[in-house]
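Dear colleague,

Please find the structure below, together with some notes on how a few of its parts meet.

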Amino acid sequence: MLDRNRAELVNTVRGLSEQDARRRLVASMTTPIGLLKHAAVAERIWFQHVLAGLTKSECDGGTTPGDPSFIVDDNETLADVIAEFERASDRSRVIAAEFDLDDIRTHPRAGDVSLRFIYLLAIEDFARHAGHGDILREQIERPDAPSADAPEQR
């Protein structure tokens, strides 16, 4: 299920132009490309840092959570960010293969967590973000669709 949600998240941005991938259509920092950047950060935090015990500097990219995790540099393309997310996901699979579902690690805020917990958290998180991506894509592809500001149709 985690791999399915990873793929669905990537599918929400495939085929978008660079400009559309960076469109900010909601009040938050969320953009289609930013969702993938954020997901790559989540992969590194949970699998590399928490599960494997790597220091943040040993992880293969950004590990700052929250709004900064949605920021994509101007020189990064959509293809770059898709590849970054897929590399982080591949590394997560390799790391997770070394652990049993009930092996415990400690997260600085969440406390003791198992690989099972990390899987469930990532499944939920990526499913939610794929839903966000679907909505953003619909806004991009159907700009004539009624907006939240439009008077209610009766």
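The crossing of helix 3 and helix 4 is left-handed, a word used when the near helix is turned anticlockwise from the far one by less than a right angle, with right-handed used if it is turned clockwise. Helices here are DSSP runs of H or I with at least four residues, numbered from the N terminus. The axes of helix 3 (residues 32-51) and helix 4 (residues 78-96) come within 9 Å and cross at roughly 25 degrees, where axes are lines fitted to C-alpha atoms over the stretch in contact and angles run from 0 to 180 degrees between N-to-C directions. Helix 3 and helix 4 are therefore roughly parallel to each other, since that label covers angles under 35 degrees.

Before going further, please note that this is a predicted model, in which local features need pLDDT of at least 70 and side-chain atom pairs count only at pLDDT 80 or more, while totals for chains, interfaces and linings use all residues. Residues are numbered from 1 along each chain as its sequence is written, and side-chain values use heavy atoms, with hydrogens and water left out.

Among the residues of helix 3 that meet helix 4 are Leu36, Ala40 and Phe47, and the helix 4 side includes Val81, Phe85 and Ile95, contact meaning heavy atoms within 4.5 Å. By class, this contact has 13 nonpolar, 3 polar and 5 charged residues, with Ala, Val, Leu, Ile, Met, Phe, Trp, Tyr, Cys and Pro counted as nonpolar, Asp, Glu, Lys and Arg as charged, and the others, Gly among them, as polar.

The structure also holds 3 aromatic pairs, that is, rings of Phe, Tyr and Trp (its six-membered ring) whose centres lie within 6.5 Å, with planes under 30 degrees apart called stacked, over 60 edge-to-face and the rest tilted. In one of them, the rings of Phe47 and Tyr119 have centres 6.2 Å apart and planes at 50 degrees, so the pair is tilted. Because Phe47 lies in helix 3 and Tyr119 in helix 5 (residues 115-141), this pair ties together parts that are 72 residues apart in sequence. Phe47 is buried, with a relative accessible area of 2%, whereas Tyr119 is partly exposed, at 28%; buried means under 20%, exposed over 50% and partly exposed in between (1.4 Å probe, protein chains only).

Phe85 and Phe126 form an edge-to-face pair, 5.7 Å centre to centre with 80 degrees between the planes, and both residues are buried.

Best wishes

Notes:
Helix = DSSP H or I, 4+ residues; strand = E, 2+ residues; numbered from the N terminus. Parallel < 35°, antiparallel > 145°, perpendicular 65-115°, else oblique.
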